[in-house]
Amino acid sequence: MSLFLEDISKFQGTGEKNADGKTLKEFLEAYDPYRYQTPSCTTDAVIFAHAGKLDASLEGIRLLLVKRSNHPSIGYWALPGGFVNLKENLEDTARRELEEETGVAGLVMEQIATYGDYDRDPRTRVITTAYMALIDEKDVKVQAGDDAADAVWCDVSLEHTQAEWTKEIQRDLYTLRIQNDSRKLDTTAVVERTASEGLIREEKFRVKEMGMLAADHAAIIVNALVVLKNRL
């Protein structure tokens, strides 16, 4: 099998052979990457826009969504995103898919989370890495493309509806509302956040009610909104 990378010099280690008597090159030439079942990887982009000063209330913030034109979740609204090419860095995928589906390019994007529940996509095992950006809406022009039936800015509101604390776990419920009058879109999702307290913290956002948002995208959106609120 041909080598995946042309330059393997930085992976030589001490240069010795392994227990089978193979050099690194010989090992790689015989290596079967399909010996084990492997997941597919995607990226999703949470693109927020605002005009003027933004505060912790997040009042006036808007979100860029695309309407799915194919299965799964056909007709539902989703974050711009798609599959990672074999020789493509994650941030490059996020920017490429965003531009292909919405026409938006050249943004500063921050990686915020990875979502990898095995049942998050019916096609196959798909792990997605979420990115976030915050821009002035007037600085970009949105145009649907690729497999997006539509791409629009939506009004977003987030309500913290319930909170519970135990000795080790904090549990919060958020109600997310997405609206766009011109598309007759008005949908609500409910997302649960659980977080462990302490020096090492485990945090998870899980969709309880998805509304008309695809897959676990409501959880990713709430995750991004909570990150913003905590910074403002």
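Here are some questions and answers on the pocket, the cysteines and the salt bridges of this predicted model.

Local features here need pLDDT of at least 70 and side-chain atom pairs count only at pLDDT 80 or more, while totals for chains, interfaces and linings use all residues. Residues are numbered from 1 along each chain as its sequence is written, and side-chain values use heavy atoms, with hydrogens and water left out.

Q: How many disulfides does a search of the whole structure find?
A: A disulfide here is a pair of cysteine sulfur atoms within 2.5 Å. Searching the whole structure on that basis gives a count of 0.

Q: Is C154 buried or exposed?
A: Buried means under 20% relative accessible area, exposed over 50%, and partly exposed in between (1.4 Å probe, protein chains only). C41, at 37%, is partly exposed. C154 has a relative accessibility of 0%, so it counts as buried.

Q: Which residues lie nearest the centre of the largest pocket?
A: On a 1 Å grid over the protein atoms alone, a pocket is an open set of points where a 1.4 Å probe fits, with protein on both sides within 12 Å along at least five of seven lines; lining residues have an atom within 4 Å of a point. The largest one holds about 680 Å³ of space, a volume being the space filled by probe spheres set on points joined across faces, edges and corners. Of its 18 lining residues, those nearest the centre are F4, Y31, P33, Y34 and L86.

Q: How many charged residues does the lining of the largest pocket have?
A: Ala, Val, Leu, Ile, Met, Phe, Trp, Tyr, Cys and Pro count as nonpolar, Asp, Glu, Lys and Arg as charged, and the others, Gly among them, as polar. The lining has 14 nonpolar and 4 polar residues, and the number of charged ones is none.

Q: What does D150 form a salt bridge with?
A: A salt bridge is a side-chain nitrogen of Lys or Arg within 4 Å of a carboxyl oxygen of Asp or Glu, and the structure holds 15 of them. D150 is buried at 16%. Its partner, with the closest N and O atoms 2.4 Å apart, is R183.

Q: Where does R206 lie?
A: R206 and E192 meet in a salt bridge (3.4 Å, N to O). Strands are DSSP runs (E, at least two residues), numbered from the N terminus. E192 lies in strand 9, so the pair ties together parts 14 residues apart in sequence, and R206 lies in strand 10 (residues 203–209).

How values were computed: Helix = DSSP H or I, 4+ residues; strand = E, 2+ residues; numbered from the N terminus.
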